[in-house]
Every structure is written in C-alpha cells, then in structure tokens.
Amino acid sequence: MTRQDRAVRTRRTLIDAAAVEFNRDGYHGTTLAQIAGAAKISMGALTFHFPNKAQLADAVAEEAWATARTVVEHIAGQAAPALQRTIALTLELTRLIEEEVLVRCAVRLSRERHSPTGWAEVWLPLVTSLAGQAHASGQLSGHTLPDDLTGLIRLLIGGCEVNLRNAEAAPCGESAVDRLQHSWRLVLEGIAPSGGAATLPLPGASGTASSGGACVAGAPARSLSGGQA
C-alpha cells in the first residue's frame, strides 16, 4: 500500500469514527481524543488530517451532503408529477437519516452548530420548486399554497429525525419510512369526513370544545378547509 493509499484510508476511518461519536454524543460532547480512540488512530495522525474538531465535523458534513445531493438530483430528474416527486423525496431523505449514520450525524451537527450550509439547504430548493410546480399544475387543493406544502415538508422531515433519536417511541418493527408513509396517507386522504364539523382553534386559544365540533369556547375557529367557522 502506498503512502497516499494509507492517508486516504486513515482519513476515511477517522470520518467514519467521528460520525459515530458525534451522532451519539453531539458536537460539544465529543472530543478529538475520543474519536482517535474509537478509530484506533493516534492523536498525531488525527491532527495531521484534521487540525481541529470543526474541520473534522465539516468533513463529515461534506460527505453526508454529497450522499444526500445524489438522492436529490435523482428525484429532480424524474418525470413523475411534482407532488409525487415531493413525497418520494421525503421518503428517500428519511431513509438516508435512518440507515446512514453519516447523514444522521450530519443532520445533528447542522442543528447544533447552526451551520449556514446545513441540512435543509441540500433539499429545500428542490422542495420549493416542486411545490410551485404542483400548485401551478393543479395538484394541490384550491386553498393549499406552495409555501404550505414547503412548510409541511420541513415539519415532516424534522419530525422524522427527532423520532429516530427517540427510538423508544417507535412501534416495534416499524421503520421511520413506514411511519412517514402512514403520515402521507393521512395528509392525502384527510382525517375529517367531508363536510364534517371539525374546526381548527386559533393559536394560543384555550377552553372547552363545543358540542358542534372542536371549537374553542370564547374564541373564533377556522375550519379545516381554510375558512372561518
């Protein structure tokens, strides 16, 4: 093995070990000595490749984003309707978070380090574009705007990552992708019967529900179809 080959292997080993350690203990809870020990590589060799923790974390993120961009580019190049591609993108990104510790770690690092080139920047431009296409082509219901769909995607992907970090909340044998598929079925089919009396309380309102639906006493409520109740 040449010196260059050994250097490449050492760098790979360090990035993989760092992903595991950062993913478990977070950026601030992980030390370079801890990563060197996990990788079974001397501190001297580690600091030769990565002089400080920030540079090592950046390397983890760069590799993770490259993996995620491959998925994003694949979805972008498909010929399926925009809404279908949007859903497919959320499922694929969730699969990456669930199955690839490198990606799962990088998502955590992005949140903890408040990175300006973080996780959302990898996929949000495509989601924004697809939401606009879905709206323009009539794939969204009349009262649903592109920003509404984009906001929903943010919540779903963020929620999937949080749930994966609270594995005890997941039903046995059910993957994060399975749970997201179920959520999408609820979104697409709706949970209230057509013409039902369900209403949406205004934020911050409190009180008891009336017999005519989930209205908040003393406060106006918006129907789930978007109008005033």
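In which loop is Ser137 found? In this predicted model, Ser137 lies in the loop between H7 and H8. The views below begin with the whole protein and return to that loop in the last legend.

**View 1. Overall architecture of the predicted model.**
The protein comprises nine helices and two strands. Read from the N terminus, the order of elements is α-α-α-α-α-α-α-α-α-β-β. Of the 229 residues in the protein, 35% are buried. Contacts between residues at least 6 apart in sequence include 62% that join residues at least 24 apart. The accessible surface amounts to about 12,600 Å², and carbon and sulfur atoms account for 56% of that area.

**View 2. Helix H4 and its packing partners.**
Helix H4 (53-76) consists of 24 residues. From first C-alpha to last, H4 reaches 34 Å, close to the 34 Å expected at 1.5 Å a residue. The buried residues of H4 are Lys53, Leu56, Ala57, Ala59, Val60, Ala61, Ala64, Trp65, Ala68, Val71, Val72 and Ile75. These buried residues pack against H1, H2, H5, H6 and H7.

**View 3**
Helix H6 (residues 101-113) has 13 residues and spans 18 Å from its first C-alpha to its last, close to the 18 Å expected at 1.5 Å a residue. An α-helix has 3.6 residues a turn, so residues three or four places apart point the same way. In H6 the buried residues run through Leu102, Val103, Arg104, Cys105, Ala106, Val107, Arg108, Leu109 and Ser110. The elements that cover them include helix H1 (3-25), helix H4 (53-76), helix H5 (82-99), H7 and H8.
Cys105 has a relative accessible area of 0% and therefore counts as buried. Cys105 and Asp25 are separated by 80 residues in sequence, while their C-alpha atoms are 9.8 Å apart. After H6 comes His114, whose phi is positive, near 50°.

**View 4. Glu21 in helix H1.**
When residues up to four places away in sequence are not counted, Glu21 touches Gly26, Thr30, Gln34, Ile35 and Ala38.

**View 5. Lys40 in the loop between helix H2 (32-39) and helix H3 (43-49).**
Most residues other than glycine have a negative phi. Lys40 has a positive phi, near 60°, and is a residue other than glycine. The relative accessible area of Lys40 is 75%, which means that this residue is exposed.

**View 6. The crossing of helices H7 and H8.**
Two packed helices are described by the angle between their axes and the distance between the axes. For helix H7 (residues 119-136) and helix H8 (residues 146-164), the axes come within 8 Å and cross at roughly 145°. The crossing of H7 past H8 is right-handed. On the H7 side, the contact is made by Trp119, Ala120, Trp123, Leu124, Val127, Thr128, Ala131, Gly132 and His135. H8 contributes Pro146, Leu149, Thr150, Ile153, Arg154 and Ile157. Sorted by class, this contact has ten nonpolar, four polar and one charged residues.
Gly132, located in helix H7, has a relative accessibility of 29% and so counts as partly exposed. Gly132 and Leu149 are 17 residues apart in sequence, with 9.1 Å between their C-alpha atoms.

**View 7. Ser137 in the loop between H7 and H8.**
Why does Ser137 count as partly exposed? Ser137 is assigned to this class because its relative accessibility is 45%, which falls between the limits of under 20% for buried and over 50% for exposed. Ser137 and Pro81 lie 56 residues apart in sequence and 9.0 Å apart in space, C-alpha to C-alpha.

Terms used: Residues numbered from 1 in each chain as written. Predicted model: local features only at pLDDT ≥ 70, side-chain atom pairs only at ≥ 80, totals over all residues. Heavy atoms only, no water. Axes fitted to C-alpha atoms, helices over the stretch in contact; angles between N-to-C directions. Helix = DSSP H or I, 4+ residues; strand = E, 2+ residues; numbered from the N terminus. Left-handed = near helix turned anticlockwise from the far one by under 90°. Contact = heavy atoms within 4.5 Å. Nonpolar A, V, L, I, M, F, W, Y, C, P; charged D, E, K, R; others polar. Buried < 20%, exposed > 50% of the residue type's maximum accessible area, 1.4 Å probe, protein only. Areas by Shrake-Rupley, 256 points an atom, 1.4 Å probe, with all protein chains shown as cover. Expected span 1.5 Å × (residues − 1).
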